[in-house]
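Here is a short note for someone opening this model for the first time. Please keep the structure in view and go through the points in order.

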Amino acid sequence: MLPGSQRVDGKSPLDISTAQPLYWPNQCSAGCLWMQAVSSGRTGMDHYLDGFRVLELADETGEYVGKVLAGLGADVVKVEGVAGGTTRDIGPFRNDVPDREASLFFWHYNHGKRSIVLDLDTKIGQERFHALASRADVLIDTRQRSYLESRGIGYATLKALNPSLVYARIRPFGDSGPWADFQASDLIHLALGGVMMNCGYDPHPQKGYETPPIAPQMWHAYHIAGEAAVIAVLGALAYRRRTGRGQPLTVSIHNAVSQNTETDLPDWVYLRQPHHRQTCRHSFRTTSVPSLAITKDGRYMLPYKTYLQSSPTFTADAPRAAAAVLAKFGMDEGLHETDDKARLAAQERLAVLVDRLCGRLMFSDDLWRDGQERGLPWAPVRRPEENVTDEHWIARKTFAAIKHPEDGTEYTYLGARWYSEDAPWKVEKIRPPRLGEHSDIVLREWAAPRDLPPLVAGTGLARSHGRPSAVGKPFALAGVRVLDLGWMLASAGAGRYLSALGAEVIKVEHIDRIDGLRYGAGRCPSGGRAERDAATAPMTTPVPANPNRCGAFSEVNAGKLGLSLNLKSPRGKQILESLIREVDIIVEGFSPGTMERMGLGYQRLKELNPRIIYAQQSGFGEFGHYGRTRAFGPTAQAFSGISEMSGLADPFPPAGIGYSYLDWFGAYNLATAMLAALHRQATTGQGCHIDGSQTEVGLYLTGTAILDHSVNGRRWSRYGNCSPYKKAAPHGAYRTRGNDAWIAIAVFTEQQWEALATGLGHREWIDDPRFSDLDTRYRNQDVLDRLIEKETTTQDGYDLMYRLQAAGVAAGVCQTAQDRCERDPQLRHEGWQIELPQSEIGTWPVKDFPANLKETPGYAGGPPGRAGPNYGEDTEAILSEICGLCAAEIAELREVGVI
């Protein structure tokens, strides 16, 4: 029996046979349905975290974490007060009728969990929380700092009862620092974190920006922070499995969101280049080619312009492929010139002709398929619900029909986040929990003694712990070894999280197929850090002298070792196979089918290493009908509905997200998959094959919209920066003094409204009948927005933010990369960037691990203590120390071009 399970009177607080009854409304037979569905399998290892217990005390800022852990197989128990959790009041609702059992938001983020009611203001509630926490492996807590401590159930008390507890705090700005007590919301985080200044519409060519920065809709700040928290929790659990010791960890939502933007940060850090918002395409330092094409019926398509030499994603075969699409429709006239000058002019006409072709076709004509058949990464700009009937996602079980037994209905939920035949995602077959319906069964089940299986000898987590990190503390994943065949951000980015937790991550490249990120954003100036520090204006982008001078690559691949290896040569393949025998995980981001064509499909990998974890990621995944479909991050965003879910209401086009958002989520997804698979491997001794998809993880973020369509028959419609489902007004971005300067303001309560009106010098607004309560303000928010912006335009954004925050109003400047790097005191306090050396370009700031683990802090420099490796920097060491080759053998391999 675990410690802390007995009361002073000798009775367990979890013993419900004689205890006074708890109050939980809506107690019904559905709890029995849950028992029939899941209790029989709760001790097996069919899923990654089977047997793990998670106690969740969370609102919208942390429910995503519990949702993901439940999908990985953990028993996640949501603790609610007598009236229920606050997220039960967030819409949309079934039939648009507010009902605490019919919140589609709650349904999406809490499917797969169980609900127990505890009144934590009472002695019996506190005792039972104590007892549950003493049996838990993880506690997720999003309450105010003093909430648990003031009730005698804070971490220090819980640690004494359960030293192995992993205590995960998720807070808007962490628990310390100058902004620790700031008011926040999803909008405020997306503003302060820099996301909004990357998202929006093209400026007027003479007047500048006429429209505000856009916050992508549906809770993205909490998704980003949730991903960071899941990775941190899995890392802490790995250390706990090895040592028996738990630890507290904290995720600052502001820190996590600020790390999520893409090319704007390295361009500023290395070259002092600001970025500018553009319609449904990457923010950039200069104006780039428009990305959207409108169809005859007013919908949009993304004919990704890889066929234009002016595009950063240009490929040599794309112009011919685009011309072939046009030829199919008889629109290729003048594109087949032989003269060089005429051919270049014809290529520039491609964009005009492709856009014209889109305008002659209906959205349902699926022109994107014609492009994909010819190797072009084209995509429809879908609404999220348009994916539900897609045969590809049906095959991958991306969606699930979930029964609601009370009224005999069945609704469409998000199902699996990736595809795996031998280690599937856990999708409960019944609806999310009603308030307190599992109170009895949880108290009974968690009262029983329970032990997790021992670690299997020889697996990654069972190895020695290795040397401490550069900060003098142990690494959570020391001894784990990863072979990284990742590419760009979406797959290569995953390895940086494992290396930051202490895994030895070996990045494999060859000059014939070098990682394209080596020539990406943030190119180091020839004069290095000194030249950048002396700059007072944007610097000219240098032509890279070699593949070792790109800041974006250096950051994404921080903490890794570098191996050059020609995989097209038989000897190179033999060396790769010898490495596969020595690693725990192989991760790759090749086009689907590449590994199989190399003779290294999953069956061969298992022959080489029966315990291997094989994690792959592509735009759409290998299994299914789109295995050979090509994609970049924006392709996945358009397809999944993420692009359509950002922007002002019609008739504006979608604004999208101004960077490869799903590249980051691809990296998060793959890191989570590898960490989860390590836990399964440690318990069963078995490896697995995980087939990840950027588009699929994007769909996972759209679940509330999917439910709204399934339940209410409502198609997705954009709503700009408004907040219709957790109602707030005003709620938007407003101009402040300066060029393209904005502040986000979110008002949810009457107290905040009065403070805002007073702070802006217009107390008469409080008595204005148009703004008398939240509903009337919401109905009149266009008028209200104009009045507010008239006042904010003349004020300094930071001064106004501090004034409003002091009055209790959620407000945040829409920060740029420069603001986050140079002006944000909270990020500086949290150490969001650290200085790391790179062997060629010297020491530069690099984003650190986005969570603070007390006992095993993540460190972006990983075991080697540096930023990304030079090309092949560690080749000799890897071949000698791991493969056992001598100096003469290595020299021969270099001479014949294998390395």
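**Notes on the model**

1. Strands S7 and S8 (residues 300-302) run antiparallel and are joined by 2 bridges. Ala293 stands opposite Met301 in S8. Please keep in mind that this is a predicted model. The open sheet has 3 strands in the order S7-S8-S9, with antiparallel pairing. Its edge strands are S7 (293-294) and S9 (379-380), and each pairs on one side only.

2. Next comes Arg383. This residue lies in the loop between S9 and helix H13 (391-395). Is Arg383 buried or exposed? Its relative accessibility is 14%, so Arg383 counts as buried; the cut-off for buried is under 20%. Beyond its neighbours within four places in sequence, Arg383 is in contact with Arg299, Gly641, Glu644, Arg715 and Trp716.

3. Now a parallel arrangement. Strand S12 (residues 481-485) and strand S13 (residues 504-509) run parallel, joined by 4 bridges. Arg481 has Glu504 in S13 as its bridge partner.

4. How much of S13 is covered? Mostly: 5 of its 6 residues are buried.

5. The largest nonpolar core has 184 residues. Tyr48, Leu69, Leu72, Trp378, Leu477, Leu498 and Ile745 touch the most other members. Helix H22 (residues 661-684) supplies the largest share of this core, 15 residues. Another core, of 29 residues, lies apart from it; Leu563, Leu576, Leu579 and Ile890 are among its members. In soluble globular proteins, nonpolar side chains tend to be buried together.

6. Leu477 deserves a look of its own. Leaving aside neighbours within four places in sequence, Leu477 is in contact with Ala238, Arg242, Leu461, Leu498, Leu501, Gly502, Ala503, Leu675 and Leu678.

7. Turn to helix H29 (residues 797-806). Its buried residues are Gly797, Tyr798, Leu800, Met801, Leu804 and Gln805. Why do they fall on the same side of H29? They cover an arc of only 160 degrees around the axis, which puts them on the same side.

8. What do those buried residues of H29 pack against? The helices are H6 (186-192), H25 (750-759), H28 (781-792) and H30 (817-822). The strands are S19 (742-746) and S20 (810-813).

9. Check both ends of H29. After the helix comes Gly808, with a positive phi near 90 degrees.

10. Helix H24 (residues 703-712) is mostly covered, with 7 of its 10 residues buried. The buried residues are Gly703, Thr704, Ala705, Ile706, Leu707, Asp708 and Val711. Their cover includes helix H3, strand S10 (399-404), strand S11 (409-414) and helix H23 (694-700). Gly713 follows H24, and its phi is positive, near 70 degrees.

11. Some backbone details need a check. Most residues other than glycine have a negative phi, and most peptide bonds are trans. Where are the cis bonds listed here? One joins Gly91 and Pro92, with omega about 0 degrees. Pro92 sits in the loop between strand S2 (75-80) and helix H3 (104-110). Another joins Asp650 and Pro651, with omega about 15 degrees. Pro651 is in the loop between helix H21 (633-640) and H22.

12. Arg272 has a phi of about 55 degrees. Its place is the loop between helix H9 (264-271) and S7. Asp740 has a phi of about 50 degrees. Asp740 lies in the loop between strand S18 (731-735) and S19. At 22% relative accessibility, Asp740 counts as partly exposed.

Key
Residues are numbered from 1 along each chain as its sequence is written. This is a predicted model: local features need pLDDT of at least 70, side-chain atom pairs count only at pLDDT 80 or more; totals for chains, interfaces and linings use all residues. Side-chain values use heavy atoms; hydrogens and water are left out. Buried means under 20% relative accessible area, exposed over 50%, partly exposed in between (1.4 Å probe, protein chains only). The arc is that of the directions from the helix axis to the C-beta atoms. Contact means heavy atoms within 4.5 Å. Two strands pair if DSSP finds at least two bridges between them. A nonpolar core is a set of buried Ala, Val, Leu, Ile, Met, Phe, Trp, Tyr and Cys residues joined through side-chain atoms within 4.5 Å.
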